[in-house]
Amino acid sequence: MIDTTPYSKIKITLKYLRYFLSSKGKHSVHSPLVYQFITQVLNSNEDGNYSLAEYERKRLQSDTTSIDFVDFGKSGQTFEKKINTIAKNSLKSKKYAQLLRRIAQHFQPNKVLELGTSFGITTAYLAYDQSVDITTLEGSERVAQEAVQVWKNLKLSQIQCITGDFDKTLHLVSQQSFDLIYLDGNHRCEPTLTYFNILKKNSHKKTIFIFDDIHYSESMEEAWNQIKQQPDITITIDLFFVGLVWIDPSLSKENFVLRY
Ligand SMILES: C[S@@+](CC[C@H](N)C(=O)[O-])C[C@H]1O[C@@H](n2cnc3c(N)ncnc32)[C@H](O)[C@@H]1O
């Protein structure tokens, strides 16, 4: 049985140090796709204006209203949780939300899928353009309501949120072909692999998969290792807090650990 408990702060720090020391930069990379990814996305000096999304993040981080929250990962029970506590613990940081925005800007996906909306801050970052069509799945109804309010405040109308357990909602989208898929919910090995294998079926060769928190626990590291070993996976990029995966057969199979 693989342990799903998140690693302790000490363990994650040691793992991060090991990642940092072994991670590479552009000089050791021969793949054109990865070289461009490093120079144009990872090392980009682009200074986009994200103040409105960050204003929404701050607003949520200071909102002490208690709302119903379903604990999908552990008990599956509903309990009361303060908005500011969820906002402080669940949302991807500004640094990584900006990175996801730059990834979207660079690869220009038309259709994006996110598993795990929370308050929709990262979803807002992924909405890099008016024409991008985003579907995002969230289990907690009340949490999704807050996300809808965030997108209203940001005047983003191209986002559709489907609520319910992924086990019941994934089939509503799995027949569609997405260009970018961000998996950020239910951080456990078996469900992560199940969602990935389902979504891979209707993906096309340019689809990019982004997995959140690949070093979060023994269970997530096992998922990441198994994904890297799948025969149809070509390029993977480990950035420690997120992992990127390509299934394009025209690319050579290689696993990169890049510094970010
Ligand atoms: C880490 S948060 C997402 C954060 C968000 N992507 C961001 O960066 O702003 C994960 C979300 O996934 C949802 N979730 C986890 N397991 C789920 C499941 N089995 N079905 C539906 N939603 C689930 C949780 O309710 C939570 O809101």
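**Close-up 1. Leucine 183, a buried residue in a strand.** With 26 C-beta neighbours inside 10 Å, leucine 183 counts as buried, because 20 or more such neighbours are enough for that label. Keep in mind as you look around that this is a predicted model. Leucine 183 belongs to strand E6, which covers residues 180-183. Setting aside neighbours within four places in sequence, leucine 183 is in contact with Leu115, Thr192, Tyr195, Phe209, Phe211 and Asp212. How far apart in space are leucine 183 and threonine 64? Their C-alpha atoms are 28 Å apart, and in sequence the two residues are 119 residues apart.

Close-up 2. Is tyrosine 182 buried or exposed? It is buried, since 26 other C-beta atoms lie within 10 Å. Beyond the residues up to four places away in sequence, tyrosine 182 touches Leu100, Glu114, Leu126 and Ile210. Now find glutamate 138: from C-alpha to C-alpha it is 13 Å from tyrosine 182, and 44 residues separate the pair in sequence.

**Close-up 3. Isoleucine 181 and the largest nonpolar core.** In soluble globular proteins, nonpolar side chains tend to be buried together. Here, the largest nonpolar core holds 60 residues. Which of them touch the most other members? They are Leu100, Leu126, Ile181, Phe209 and Phe211. Pick out isoleucine 181 and you can follow its contacts to Leu113, Leu199, Thr207 and Phe209, leaving aside neighbours within four places in sequence. Phe209 is also a contact of leucine 183.

**Close-up 4. Phenylalanine 166 in helix H8.** Phenylalanine 166 is placed in helix H8, which covers residues 166-173. This residue is buried, because 21 other C-beta atoms lie within 10 Å. Not counting residues up to four places away in sequence, phenylalanine 166 touches Leu115, Leu137, Gly185, Asn186 and Tyr195. Take Gly185 from that list: the C-alpha atoms of phenylalanine 166 and glycine 185 are separated by 8.9 Å, and the two are 19 residues apart along the chain.

**Close-up 5. The surroundings of the ligand.** How many residues surround the ligand? There are 18, and the closest are Phe72, Lys92, Gly116, Gly139 and Gly185. Sorted by class, this shell has five nonpolar, nine polar and four charged residues.

**Close-up 6. Helices H3 and H4 crossing.** Two packed helices are described by the angle between their axes and the distance between the axes. Helix H3 spans residues 51-61 and helix H4 spans residues 83-90; their axes come within 7 Å and cross at roughly 130°. That angle makes H3 oblique to H4. On the H3 side, the contact is made by Arg57, Leu60 and Gln61, while H4 brings Ile83, Asn84, Ala87 and Lys88. By class, the residues of this contact are three nonpolar, two polar and two charged.

**Close-up 7. Two loop residues with positive phi.** Start with glutamine 108, in the loop between helix H5 (94-107) and strand E3 (111-115). Its phi is near 50°, a positive value in a residue other than glycine. Serine 118 sits in the loop between E3 and helix H6 (121-126), and its phi is near 50° as well. Serine 118, however, counts as buried, with 25 C-beta neighbours inside 10 Å.

**Close-up 8. Valine 34 in helix H2.** Helix H2 runs over residues 32-42, and valine 34 lies in it. Valine 34 counts as buried because it has 21 C-beta neighbours inside 10 Å. What does valine 34 touch, not counting residues up to four places away in sequence? The list is Val29, Ile235, Ile237 and Phe256. Leucine 17 is 17 residues from valine 34 along the chain, and their C-alpha atoms are separated by 23 Å.

Technical notes. Residues numbered from 1 in each chain as written. Predicted model: local features only at pLDDT ≥ 70, side-chain atom pairs only at ≥ 80, totals over all residues. Near = placed C-beta within 6 Å. Nonpolar A, V, L, I, M, F, W, Y, C, P; charged D, E, K, R; others polar. Axes fitted to C-alpha atoms, helices over the stretch in contact; angles between N-to-C directions. Helix = DSSP H or I, 4+ residues; strand = E, 2+ residues; numbered from the N terminus. Parallel < 35°, antiparallel > 145°, perpendicular 65-115°, else oblique. Contact = placed C-beta atoms within 7 Å. Buried ≥ 20, exposed ≤ 12 C-beta atoms within 10 Å, placed from the backbone. Core = buried A, V, L, I, M, F, W, Y, C linked by C-beta atoms within 7 Å.
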